[in-house]
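Visitor: Please walk me through this model. I would like to begin with a single side chain.

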Amino acid sequence: MVWKCFRNLQVRYWFTMENKLSEAKEIVQDKLIVKAIEFGANALIGVDFDMMSLGNNVLVVSVNGTAVKVEKI
């Protein structure tokens, strides 16, 4: 019975961590889009997300990509 309770706590922990990661990815993605628009771009290519744990429940999420202006020729 004790193991089952512990396992349920782990699952809740990972769901919480997953939600935080998703939220962090959205935030950095939105900031990347704003920066691209400021540079006059209308598209992003080669977008890459990196995630790193610094310990003590601290996660770093970064995103990079190339801002481009696509035009019909």
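Visitor: Is Ile27 buried, partly exposed or exposed?

Guide: This is a predicted model, where local features need pLDDT of at least 70, side-chain atom pairs count only at pLDDT 80 or more, and totals for chains, interfaces and linings use all residues. Residues are numbered from 1 along each chain as its sequence is written, and side-chain values use heavy atoms, with hydrogens and water left out. Buried means under 20% relative accessible area, exposed over 50%, partly exposed in between (1.4 Å probe, protein chains only). Ile27 has 43% relative accessibility, so Ile27 is partly exposed.

Visitor: How far apart in space are Ile27 and Ser62, C-alpha to C-alpha?

Guide: Ile27 sits in helix H1. Helices (H or I, at least four residues) and strands (E, at least two) are DSSP runs, numbered from the N terminus. In sequence, Ile27 and Ser62 are 35 residues apart. Their C-alpha to C-alpha distance is 9.8 Å.

Visitor: In what order do the elements of the protein chain run?

Guide: The protein chain has one helix and two strands. From the N terminus, the order is α-β-β.

Visitor: Where is confidence lowest among these elements, and where is it highest?

Guide: pLDDT is the predictor's confidence in each residue, from 0 to 100. The protein chain averages 79. Helix H1 (residues 2-38) is lowest, at a mean of 73. The highest is 87, in strand S2 (residues 58-68).

Visitor: What percentage of the protein chain's residues count as buried?

Guide: The protein chain has 73 residues. Its accessible surface is about 6400 Å², 60% of it from carbon and sulfur atoms (Shrake-Rupley method, 1.4 Å probe). The buried share of residues is 10%.
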